[in-house]
Amino acid sequence: MSAAHTSVSAPTWCAHFPWLRLLGPAGDPDGPTRWDEPIPAQLPQLDVPPISELVDVVVDDLRAVPVGTLFPRIDRATPLLDCHVPPKRVALLAPHGIERFGDLADRTVGELAFIPRMGPSIARKTIGAFIRTSRTLPLTSAAPSSAAPSSAVPSSSSAASPDDADVPRARAAVGHLEKPLAARLDSVIRALDEYSRDVFLARRLPAETPTFGEIAARYGYPDTRVATSDARTARLVRDAVVSPVLRQALDAVIPEPGATLPLGDLLAAIPGLTDLVPAFDGRPAWTLVADLTGAFVVEDDVVRNTVPPPAPPRPVTRHELVAAVLARAAEPLEPGEIYRLLTETGTPLRTSAVNSTLTNSDLFVRVDRRRWALAAWKPERLYTGTRDVMRRILLESGDGELPLARLAARIQAEYDVAPATVRHYAKRPPFELADGVVRFTGGTYRGARQPQGMSLGASRRMVRRADGWAYQVVVWNPAKRQRGLAVPNAVHTILPPVAEDGTVELPSRLGPQRVLASWDRLRLAPIERFVADLGLRQGDRAWVIFKDDGTFDVERADAPG
């Protein structure tokens with residue numbers, strides 16, 4: 001037999017598990033799905049697709065269906081050891097009277113997690129074992145029909161067939177496989193351990209619900225433990241009982257947030273809500289469903305949808321707008337081009353806003369003097385300023401010097417920088433221009449705006465004190481403290497050498513104080529700790545002091561100088 005013939009005649013996933021046809025992803029009649037593909041001869045392990053995907057389908061969409069309904073070809077008398085369940089797991093379940101497939105067949109998928117020593121993770125692996133076992137059994141023409149039709153969905157939806165063009169209706173057809181709602185609630189509540197069940201019922205049965213403190217006093221536990229236990233139990237019960245079919249039915253009956261309708265109309269549309277739950281003091285199922293889902297409340301026999309309306313869409317930030325323009329262009333752009341493209345798309349930003357967005361966001365990087373790119377593109381070279389580019393190229397030359405024309409050509413090959421700009425910076429530190437050759441003199445730039453020959457005594461802002469030099473400031477707006485204070489350029493003459501990161505650290509009584517040295521100015525890092533220490537308020541005056549011993553301080557302006 002040829003390989004092609006083997007692949008055609010091999011059974012498919014839907015042939016082994018017909019309920020896949022009832023689900024939206026598999027029941028779409030427009031064409032074949034992945035579940036129509038032949039099952040490989042060597043079935044993969046549980047954590048390898050498509051087995052793990054099939055387990056997800058069962059746990060997410062069929063949690064209210066009994067295990068025996070999903071796998072009807074597995075004989076109830078089959079020992080769990082013959083169902084690909086590991087011996088260690090079988091030994092853990094045996095003390096609880098679970099040794100054969102029939103001991104689990106009447107439990108829903110969601111109820112498996114409530115079996116002692118099982119839990120959600122082991123329940124998933126057990127479902128995977130049953131899938132592998134069912135795959136090895138011969139195919140029969142019998143369809144899974146061991147479960148009675150559920151009243152958890154309207155009768156019109158229950159009659160949907162796999163051939164329905166409406167996928168949601170085909171999905172609702174799963175309802176005829178589900179265990180009745182009241183029976184699911186009763187089984188899950190009885191499966192809870194004694195403490196969890198007592199707390200769960202105590203918070204929901206009495207007319208006057210006791211507080212967590214009152215329940216905690218009864219058991220001698222902290223309030224937080226009782227609250228955590230109740231929340232966890234409610235989540236487990238909800239996940240096991242409230243199936244996608246029930247959610248879909250509730251949404252169909254009361255679709256709009258805040259909508260109301262008579263209780264009788266709801267119970268007529270979903271008859272399963274009227275069934276009584278013995279473990280819940282014989283009360284109807286809808287009372288517990290309302291509490292578990294939070295989908296509706298009943299007041300004076302009127303049902304009101306309590307699902308909050310969807311949150312309004314988050315407004316698009318200007319960073320996202322600019323990033324979208326660059327992504328569409330797929331190349332670096334100038335701010336003016338970005339502004340023009342934003343205007344054409346009907347989302348204009350001010351030119352200053354575009355410039356600010358590009359400069360102050362980590363989403364963007366500058367690739368030359370005028371153009372910006374997305375940081376995600378990871379450009380090979382970034383533009384950090386003409387001086388930095390000149391310094392890098394001169395240092396790469398080996399001897400730290402190049403003819404001006406050659407340097408300008410090298411820069412223009414990488415960045416949009418005019419030759420006149422290169423000549424302008426070549427005449428200023430840390431470079432020198434002589435005989436048409438630009439030379440890097442070393443060090444860092446110490447302020448081009450500082451006049452040559454300027455001394456501390458010649459600066460009108462600086463005042464000589466007995467212990468150092470100082471200048472007076474007014475305490476600024478607290479909202480602008482993060483910007484720091486401008487420092488007279490004359491202070492350059494008494495500062496220690498500037499570090500490679502462009503900062504100088506001065507010791508002070510409140511810890512190190514940084515001075516930020518850019519190419520053309522000095523700034524103090526924020527000094528609000530000194531402001532708070534001195535109790536200064538907005539509008540007060542203070543002395544900023546650079547002492548002769550190399551330390552830094554701030555004093556009230558009315559202090560003796």
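**Close-ups of a predicted model**

**View 1. A charge over a ring: Arg203 and Phe212.** The charged end of Arg203 sits over the ring of Phe212, 4.0 Å from the ring's centre. Keep in mind for this view and the rest that we're looking at a predicted model.

**View 2. The largest nonpolar core, with 41 residues.** Trp13, Trp19, Leu20, Phe71, Phe130 and Ile131 are the residues with the most contacts inside this core. As background, nonpolar side chains in soluble globular proteins tend to be buried together.

**View 3. Zooming in on Trp19.** Which residues does Trp19 touch once its neighbours within four places in sequence are left aside? The contacts are Leu54, Val58, Leu62, Leu70 and Leu177. Trp19 also belongs to a cluster linked by ring pairs, together with Trp13, Phe17, Phe71, Phe101 and Phe130.

**View 4. Stacked rings: Trp13 and Phe17.** Searching the whole structure turns up 11 aromatic pairs. One of them joins Trp13 to Phe17 in a stacked arrangement, with 6.5 Å centre to centre and 20° between the planes. Both Trp13 and Phe17 are buried.

**View 5. Edge-to-face rings: Phe530 and Phe552.** Among the aromatic pairs is also an edge-to-face one, in which the rings of Phe530 and Phe552 are 5.6 Å apart centre to centre, with 75° between their planes. This pair links distant parts of the chain: Phe530 belongs to helix α24 (residues 528–534) and Phe552 to strand β18 (residues 552–556), 22 residues apart.

**View 6. The open sheet around β18.** Four strands make up this open sheet, in the order β11-β12-β17-β18 and with antiparallel pairing. β11 (463–464) and β18 stand at the edges with a single partner strand each, so one side of each has no neighbour in the sheet. Even so, β18 is mostly covered, with 4 of its 5 residues buried.

View 7. Strand β17 (residues 541–547) pairs with β18 in the antiparallel sense over 5 bridges. Looking across the two strands, Phe546 stands opposite Phe552, while Val544 has Val554 as its bridge partner. Between the strands there are 4 residues, and Gly550 in this hairpin takes a positive phi near 85°.

**View 8. Ala64, a buried loop residue.** Where does Ala64 lie? Its place is the loop between α4 and α5, and Ala64 is buried because its relative accessible area is 0%. From Ala64 to Lys179 is 115 residues in sequence but 6.1 Å in space, C-alpha to C-alpha. Neighbours within four places in sequence aside, Ala64 is in contact with Thr108, Glu178, Lys179, Arg184 and Ser243.

Notes. Residues numbered from 1 in each chain as written. Predicted model: local features only at pLDDT ≥ 70, side-chain atom pairs only at ≥ 80, totals over all residues. Heavy atoms only, no water. Core = buried A, V, L, I, M, F, W, Y, C linked by side-chain atoms within 4.5 Å. Buried < 20%, exposed > 50% of the residue type's maximum accessible area, 1.4 Å probe, protein only. Contact = heavy atoms within 4.5 Å. Phe/Tyr/Trp six-rings, centres within 6.5 Å; stacked < 30°, edge-to-face > 60°. Lys NZ or Arg CZ within 6 Å of the ring centre and 35° of its normal. Pairing = 2+ DSSP bridges.
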